Amino acid sequence: MQSIFRTIRFAFQGIARNFWLSVVTTSVCFLTLVTVNAVIILNVIAIASIHSVEDRVHVDVYLKSGTTPAMESSIRGYLTGLDPVKEVILIPADDALKDFKARHSNDPDVLAALDEIGENPLGDALRVSAKSPKDFPFILQAVNTPEFSPHIKETGQTNYDDVVASLTNLNTKVRNGGTGLAIFFAVIAILMVYNTVRVAVYVHRDEIAVMRLVGAQGWFISAPFLLEAVIFSAVATGLMAGLIFFLLKIWEPFIRIFFTGVNLDLLSFYTHNGLPLFALQFCALAVLGMASSAAALRKYSKI
Amino acid sequence: MITFENISKVYRPDIHALSGVSLHIRPGEFVSVVGASGSGKSTLAKLLFAEERPTSGTVKVGDWDITKIHHSEVPHLRRQIGVVFQDFKLLPQMTAYENVAFALQVAGAPGSRIREVVPQVMKIVGLGEKLNRFPRQLSGGEQQRVSIARALVHRPKIMLADEPTGNLDAVTAQEILSLLKKINEFGTTVVLVTHDRDIVNALHRRVITLQDGRIAGDAEHGKYHI
């Protein structure tokens with residue numbers, strides 16, 4: 001126990017004696033975490049955006065004019081009972097016509113045909129939302145039964161596939177680019193810790209020589225330097241966590257406005273996942289730092 | 001106590017620091033190892049506290065063959081051999097007390113033992129009143145006494161003094177010598193590595209003379225002859 005306290009004391013002494021070098025090393029560790037958390041935040045935003053778009057995807061089942069309420073109810077009940085279906089909403093005929101016209105706004109023949117008819121040829125419509133966009137083909141196929149198809153005028157699916165694909169693509173690119181940047185900063189952090197320990201070993205060379213002379217165990221000599229790397233990591237992670245929560249508290253209202261329509265709550269994300277996330281970041285940084293310290297110690301001190 | 005069996009040490013590319021050195025030092029002896037610069041005195045000392053490994057031969061401390069000592073056992077050996085150097089090797093930012101306590105701290109000694117042992121040892125070396133002085137506030141002789149005190153805190157069986165008077169004037173050197181004799185009287189084996197003729201001649205103890213890495217003389221009550 002005494003040795004542990006002494007190791008901790010020697011580690012803090014080492015940091016104090018190389019204060020500015022320690023500050024720079026901690027800053028680089030901090031920058032690494034900034035990049036990592038930027039990637040995490042962009043990932044959360046991208047996933048929330050994709051979900052938001054996916055939530056808007058639906059299939060409209062236009063019923064023929066004159067379809068009886070009983071048949072409407074039967075079709076609605078059938079669709080609601082399908083496992084992939086999340087929700088079925090009844091759209092009145094007038095609203096269904098507006099949607100139909102909007103959907104075919106680029107199709108003059110259809111619009112002309114509607115004008116020719118002069119009255120609403122559509123009955124009510126059923127707006128079907130799926131649990132996953134992948135389920136729409138199944139739903140479209142399921143509704144096309146001999147029992148129901150005579151009452152269905154048309155089915156139409158909003159096409160957000162391109163948007164989802166673009167967002168997914170963008171998310172992948174951001175994640176890959178961010179990961180590359182994070183690795184870049186991590187490498188710099190490793191080199192900085194390595195250099196810091198190298199300088200620390202030089203500064204402490206007399207102390208190390210005396211330690212060896214009077215019979216200090218190798219681990220006792222190495223431990224303060226390894227602990228320094230852990231302290232750099234802890235301070236960097238603490239600063240990062242503090243900054244994240246501080247900025248999110250201030251910016252949360254603006255973020256909500258900026259991403260209106262997207263179910264995005266970054267503060268809540270970090271409140272619920274912050275502990276494991278930052279613990280993981282701290283552990284990764286500490287392991288990298290200790291490995292770097294161990295390498296520097298092996299090379300620059302004969303322990 | 002200490003046995004060197006046919007020890008040779010070659011530094012690359014082709015420097016023969018020691019060649020076929022064999023000697024035995026009995027428990028409680030006070031032995032001076034003398035020789036000109038480059039005769040192999042310091043190499044002999046380094047082999048004794050496992051700072052260097054011999055190219056061939058065996059060094060034994062008691063029954064312990066320290067030429068085959070594992071890396072992790074070196075600290076245990078060094079706690080049994082107190083080492084004193086010409087340049088004192090004190091830490092300037094620590095007081096005399098802290099320098100001595102440091103040797104116990106790094107060995108994991110409890111605080112209560114440190115508080116008990118350090119003042120005792122400092123009193124033995126005559127610095128009981130200067131515990132809180134920094135090395136820069138002490139004379140050369142006093143600094144060497146702190147260094148001896150640090151070497152003594154582990155109550156070593158062997159005290160190895162490598163040119164301990166090299167930086168000191170004649171009077172102070174005699175004081176340090178007296179201290180080493182006192183330590184020897186308590187039963188500690190003392191190995192004094194020196195090229196100080198006056199010191200060796202004043203001792204009237206065993207003298208091992210090294211010349212060109214070989215033993216040129218080994219006299220029970222010897223004098224400095226080179």
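Chain A contains 10 helices and 4 strands, where helices (H or I, at least four residues) and strands (E, at least two) are DSSP runs numbered from the N terminus. The model is a predicted one, in which local features need pLDDT of at least 70 and side-chain atom pairs count only at pLDDT 80 or more, while totals for chains, interfaces and linings use all residues. Residues are numbered from 1 along each chain as its sequence is written, and chains are lettered from A and ligands numbered from 1 in the order in which they are written. Along the sequence, the elements of chain A follow the pattern α-α-β-α-β-α-α-β-α-β-α-α-α-α. Of the 303 residues in chain A, 30% are buried; a residue is buried if 20 or more other C-beta atoms lie within 10 Å of its own, exposed if 12 or fewer, and partly exposed in between, with C-beta atoms placed from the backbone. Two residues are in contact if their C-beta atoms, placed from the backbone, lie within 7 Å, and among the contacts in chain A between residues at least 6 apart in sequence, 88% join residues at least 24 apart. Helix H5 of chain A, which spans residues 108–117, is hardly covered, since the count of buried residues among its 10 residues is 0. Just after H5(A), Gly118(A) takes a positive phi of about 85°.

Chain B has 7 helices and 10 strands, and 45% of its 226 residues count as buried. Among contacts in chain B with a separation of 6 or more, residues 24 or more positions apart account for 67%.

Four strands of chain B form an open sheet in the order E2-E1-E4-E5, with antiparallel pairing; two strands pair if DSSP finds at least two bridges between them. The edge strands are E2 (15–25) and E5 (64–65) of chain B, each of which pairs on one side only. Within this sheet, strand E1 (residues 2–11) of chain B is joined to strand E4 (residues 56–61) of chain B by 5 bridges, and Phe4(B) has Val59(B) in E4(B) as its bridge partner. Helix H1 (residues 41–48) of chain B lies across E1, E2 and E4 of chain B and runs at about 120° to E1(B), where axes are lines fitted to C-alpha atoms, for helices over the stretch in contact, and angles run from 0 to 180 degrees between N-to-C directions. In the loop between E2 and strand E3 (30–34) of chain B is Arg26(B), which counts as exposed because it has 10 C-beta neighbours inside 10 Å. The C-alpha atoms of Arg26(B) and Gly62(B) are separated by 9.6 Å, although these residues are 36 residues apart along the chain.

Another open sheet of chain B has 6 strands in the order E6-E7-E8-E3-E9-E10, with mixed pairing. Strand E6 (81–85) and E10 of chain B stand at the edges with a single partner strand each, so one side of each is left without a neighbour in the sheet. From one strand to the next, the twist averages 15°. Strands E3(B) and E8(B) (residues 189–194) run parallel and are joined by 5 bridges, with Val33(B) paired to Val193(B) in E8(B). By contrast, strands E9 (residues 206–211) and E10 (residues 214–219) of chain B pair in the antiparallel sense over 5 bridges, and Ile208(B) stands opposite Asp218(B) in E10(B). The hairpin of E9(B) and E10(B) has 2 residues between the strands, and in this hairpin Asp212(B) takes a positive phi near 50°.

Helix H5 of chain B lies across E6 and strand E7 (158–162) of chain B, running at about 165° to E6(B). The axes of H3(B) and H5(B) (residues 140–152) come within 8 Å and cross at roughly 25°. This angle makes H3(B) roughly parallel to H5(B), as angles under 35 degrees count as roughly parallel, over 145 as roughly antiparallel, 65 to 115 as roughly perpendicular and the rest as oblique. In this contact, Ala96(B), Asn99(B), Val100(B) and Ala103(B) of H3(B) meet Val146(B), Ala149(B) and Arg150(B) of H5(B).

Between the chains, 18 residues of chain B are in contact with 15 residues of chain A. On the side of chain B that touches chain A, the elements that give two or more residues are helix H2 (74–80) and helix H3 (96–105) of chain B, and H2(B) gives the most, with 4 residues.
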